[in-house]
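Me: Please take a close look at one part of this structure. Keep it brisk, and give the cut-offs as you go.

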Amino acid sequence: MAKRIDVSGLTAYYGSHKAIEDISMTVEPRSVTAFIGPSGCGKSTFLRTLNRMHEVTAGGRVEGKVLLDDEDLYGQGIDPVSVRREVGMVFQRPNPFPTMSIFDNVAAGLRLNGNYKKSELGDIVEKSLKGANLWNEVKDRLNKPGSGLSGGQQQRLCIARAIAVEPNVLLMDEPCSALDPISTLAIEDLIGELKERFTIVIVTHNMQQAARVSDRTAFFNLSAVGQPGKLIEIDETERIFSNPSVQATEDYISGRFG
Amino acid sequence: MDITTKNTEAPPPAPQPTVAEQKRAARGATRPGDRIFLGLSRGSGILLLVIMAAIAGFLAYRASIAISKDDANFLTAFEWNTGLLPPKFGIAVLAFGTVVSSIIAMVIAVPIAVAIALFLTHYAPRRLRGPIAYVIDLLAAVPSIVYGLWGALILVPHMTGLFGWLDEYLGWTGIFSWQAGAPRSMLTVGILLAIMILPIITNVSREVFRQAPQMIEEAALALGATRWEVIRMAVLPFGRSGVISASMLGLGRALGETMAVATVLSPSFTIQTSLLDPGGGTFAQNIASKFSEASELGRDALIASGLVLFVITLLVNGAARMIIARRKEYSGANA
């Protein structure tokens with residue numbers, strides 16, 4: 001059940017520090033949107049406002065609106081916990097639960113969400129691991145700890161864990177930056193498959209990656225250190241990388257900047 | 001003459017450094033500072049072992065003298081009469097009292113300490129964390145005799161209400177029956193010990209919980225975990241071995257606590273089936289109260305009992321290490 005994300009006038013703060021300012025964009029369901037920009041431009045912060053993980057950091061708060069289809073994530077009486085059950089997330093460094101087996105890692109979100117029968121749980125875990133292209137590698141050792149896998153496998157395990165709860169949106173915060181090129185390729189292929197079912201937003205520092213996996217690309221920038229990050233432009237990926245409408249974008253992607 | 005001829009002839013090849021020498025050179029162990037430090041650290045390590053062995057040897061020797069003269073069974077006798085001829089003494093009551101009071105202390109202190117540590121690391125507002133942690137640190141620094149006096153003067157009189165209640169509702173179990181008399185019993189001792197070991201368990205647990213990796217907590221949060229679920233999924237499993245170690249530190253203190261127990265307990269060489277009836281004793285309390293007036297044999301007998309306490313402590317520590325090692329594969333260390 002992929003959903004559309006509609007952000008309008010979003011400003012995020014850490015305490016008194018304004019991290020991003022006045023961002024508006026629309027992310028279509030069943031598409032991949034990539035966020036690029038220099039370090040500190042607020043693209044990760046913006047990503048984290050989309051599932052209210054931003055609030056976990058002390059002093060984190062936002063102004064503005066984030067609509068998931070028609071539901072305002074920051075509306076009155078919306079529990080951030082329920083937002084995160086709808087909007088899954090994959091992090092920069094693979095972070096499987098070290099004290100849990102591979103099976104339990106994938107089942108962790110399901111166990112939070114409700115009661116499943118053992119056979120149901122087994123089916124969903126298998127489906128999720130297949131969805132993350134990991135099943136064949138781990139099917140014989142589901143009861144072994146997830147931390148025993150390689151980095152790339154761990155990241156795919158984290159993706160399986162995120163998609164097991166059937167989120168509407170999948171956020172990925174530089175999911176390949178800690179991985180080798182082959183594991184990166186595996187994740188990129190996976191993203192291509194996952195966009196059939198989910199709305200995907202990915203932050204990346206690798207512009208070739210943005211060009212390879214995304215349908216649309218958003219460029220973020222900041223005018224100076226300490227200034228809030230802003231959305232410079234968002235457009236079809238092809239256009240951003242061939243003929244962007246803003247000079248700063250062209251400077252950034254051609255390496256003349258940052 | 002010899003020397004000059006040698007010098008004019010082909011000079012002997014410079015000695016090739018052996019592999020071991022090269023390694024040593026690479027380590028830099030040949031520098032004087034390194035050599036002095038190596039000697040110092042190795043020497044103090046050896047000295048420590050020698051002192052430990054000497055103490056153990058001395059204690060074992062004195063204990064063996066006492067045990068050989070004991071007319072009763074040293075492990076099972078319910079009396080401590082070193083002045084008799086032949087002397088009769090045994091540690092059964094002391095072992096029972098030590099273990100029971102420590103178990104009571106652990107049962108009370110560990111859950112509370114873990115709860116306080118979790119509150120401080122995950123629930124308390126940031127500006128409260130420092131002050132509360134500081135107060136708990138202070139509690140750990142209070143001398144045990146002060147706890148003992150507080151226990152005797154304030155805790156004991158206030159226990160009558162709790163004892164009456166326990167006797168009324170749980171008296172049928174036998175463990176919580178109360179035949180009146182001052183509440184200077186194992187339960188009071190256990191409660192006082194719990195208060196005494198609470199700070200150390202809290203502090204160590206707090207450190208462990210604080211080091212639970214942020215990225216694992218975020219993984220749980222991103223799955224839609226509530227704060228308690230984050231603690232259950234990401235913090236408690238990670239801190240498990242640390243909490244066990246913290247508890248062992250507390251248990252060590254409870255097993256060996258002397259003055260506080262001696263001040264609060266009204267000792268006797270009987271095993272009370274009820275935790276509420278006064279009587280019993282612990283190793284450390286027994287040594288403290290008897291040592292100054294003991295004869296030579298009496299002292300040796302007390303040393304023998306101290307050795308048993310030492311063995312119990314070793315066993316407990318070994319058991320804890322086994323528990324920690326058993327699930328190492330799943331420990332947070334692999335993260």
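Which elements do the buried residues of helix 3 of chain A pack against?

Reply: They pack against helix 4 (118-131), helix 5 (135-138) and helix 6 (151-164) of chain A, together with helix 9 (227-256) of chain B. Packing here rests on contacts: two residues are in contact if their C-beta atoms, placed from the backbone, lie within 7 Å. Helices (H or I, at least four residues) and strands (E, at least two) are DSSP runs, numbered from the N terminus.

A word on the source. This is a predicted model, in which local features need pLDDT of at least 70 and side-chain atom pairs count only at pLDDT 80 or more, while totals for chains, interfaces and linings use all residues. Residues are numbered from 1 along each chain as its sequence is written, and chains are lettered from A and ligands numbered from 1 in the order in which they are written.

Now the helix itself. Helix 3 of chain A covers residues 102-113. Its buried residues are Ile102(A), Asp104(A), Asn105(A), Val106(A), Ala107(A), Ala108(A), Gly109(A) and Leu110(A). A residue is buried if 20 or more other C-beta atoms lie within 10 Å of its own, exposed if 12 or fewer, and partly exposed in between; C-beta atoms are placed from the backbone.

Next, the contact between the chains. 22 residues of chain A are in contact with 21 residues of chain B. On the chain A side, helix 2 (80-86), strand 6 (87-90) and helix 3 each give two or more residues. Helix 2 of chain A gives the most, with four residues. That side of chain A divides into twelve nonpolar, seven polar and three charged residues. Ala, Val, Leu, Ile, Met, Phe, Trp, Tyr, Cys and Pro count as nonpolar, Asp, Glu, Lys and Arg as charged, and the others, Gly among them, as polar.

Then the chain around the helix. Chain A has ten helices and ten strands. Of its 258 residues, 48% count as buried. Among contacts in chain A with a separation of 6 or more, 68% join residues 24 or more positions apart. Its C-alpha atoms fill a box of roughly 55 × 45 × 30 Å, taken along the principal axes.

Last, confidence. The mean pLDDT of chain A is 90, and 99% of its residues reach 70 or more. pLDDT is the predictor's confidence in each residue, from 0 to 100. In chain A, confidence is lowest in helix 10 (residues 247-253), at a mean of 89, and highest in strand 8 (residues 199-203), at 95.
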